[in-house]
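This report walks through the packing, the open space and the aromatic contacts of one protein model. Please keep the sequence and the coordinates at hand while reading.

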Amino acid sequence: MQTAIFPIELPYWRAAKPYLASLAQLALRIALAVPFYRSGMTKWDGFLNLSDSADALFTDEFKLHLFGGEYPFPAPHLMAYASGVMEVLLPTLLVFGLGTRLAALGLLGMTAVIQLTEPDGWANFHLIWAATALAILVHGPGKISLDALIGIGK
């Protein structure tokens, strides 16, 4: 038998909890999607036309911080293009709740690369993004999702 944390339960809590859980999962998906999508949209000068500034960031500005040193990105044009595509595609999938866990895993991986690129952002941004992606991975998309509609999400 499970014991309650609080001796008194809030009125209608048992009835509201499943709906609030799905609403919370939707909010987590949107919260993770917004910063990545906004960043992704800055990388394009039109449909699949990478902006010069995005290319320059990966070529000249961004460096990987590994083992105490700074190293240039391998294949910077390809990395800029892949980043731009994934920063638009994965958040879109998250918002609609389609392939949700895979999209969250992709954004978790991107967060790791961003952490290696900008190590000072851990406490302010990267930790929150990583925790949100992990919560989505563990708890799934919720009932307000295309995954749930087609029967592949919980």
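## A buried threonine and its surroundings

T111 counts as buried because its relative accessibility is 2%, where buried means under 20% relative accessible area, exposed means over 50% and partly exposed lies in between, with a 1.4 Å probe and protein chains only. The residue lies in helix 4; helices here are DSSP runs of H or I with at least four residues, strands are runs of E with at least two, and both are numbered from the N terminus. Not counting residues up to four places away in sequence, T111 touches F36, H126, W129 and A130, contact being defined as heavy atoms within 4.5 Å.

The model is predicted, so local features need pLDDT of at least 70 and side-chain atom pairs count only at pLDDT 80 or more, while totals for chains, interfaces and linings use all residues. Residues are numbered from 1 along each chain as its sequence is written, and side-chain values use heavy atoms, with hydrogens and water left out.

## The nonpolar cores

Which residues make up the largest nonpolar core? This core has 12 residues in all, namely L32, A33, F36, L90, L94, A103, A104, L107, M110, W129, A133 and I136; a nonpolar core is a set of buried Ala, Val, Leu, Ile, Met, Phe, Trp, Tyr and Cys residues joined through side-chain atoms within 4.5 Å. At least two residues of this core come from each of helix 1 (13–41), helix 3 (76–96), helix 4 (100–117) and helix 5 (122–139), and helix 4 gives the most, with four residues. Apart from this core lies another one, of seven residues, among them W44, A54, L64 and A80.

L90, found in helix 3, is buried with a relative accessible area of 9%, and it touches A103, G106, L107 and M110 when residues up to four places away in sequence are not counted. The C-alpha atoms of L90 and D120, 30 residues apart along the chain, are separated by 24 Å. A33, leaving aside its neighbours within four places in sequence, is in contact with P91, L94 and V95.

Leaving aside neighbours within four places in sequence, A80 is in contact with K43, L50, A54, D55 and F58. The C-alpha atoms of A80 and A56 are separated by 8.8 Å, although the two residues are 24 apart along the chain.

## The largest pocket

The largest pocket holds about 400 Å³ of space. On a 1 Å grid over the protein atoms alone, a pocket is an open set of points with protein on both sides within 12 Å along at least five of seven lines, whereas a cavity is a set of points where a 1.4 Å probe fits but cannot get out; lining residues have an atom within 4 Å of a point. Grid points are joined across faces, edges and corners, and the volume is the space filled by probe spheres set on the points.

Of the 18 residues that line this pocket, F58, S83, E87, M110 and I114 are the closest to its centre. Helix 1, helix 3 and helix 4 each supply at least two lining residues, and the largest share, five residues, comes from helix 3. The lining divides into 12 nonpolar, three polar and three charged residues.

## Aromatic pairs

How many aromatic pairs does the structure hold? There are five aromatic pairs, where rings of Phe, Tyr and Trp (its six-membered ring) pair if their centres lie within 6.5 Å, and planes under 30 degrees apart count as stacked, over 60 as edge-to-face and the rest as tilted. W44 and Y81 form an edge-to-face pair, at 5.3 Å centre to centre and with 80° between the planes. This pair links distant parts of the chain, since W44 sits in the loop between helix 1 and helix 2 (52–61) and Y81 in helix 3, 37 residues apart. W44 counts as buried at 16% relative accessibility, whereas Y81 is partly exposed, with a relative accessible area of 29%.

The pair of F58 and F62 is edge-to-face because the ring centres are 5.0 Å apart and the planes stand at 80°. F36, F125 and W129 form one aromatic cluster.

Note on methods:
Ala, Val, Leu, Ile, Met, Phe, Trp, Tyr, Cys and Pro count as nonpolar, Asp, Glu, Lys and Arg as charged, and the others, Gly among them, as polar.
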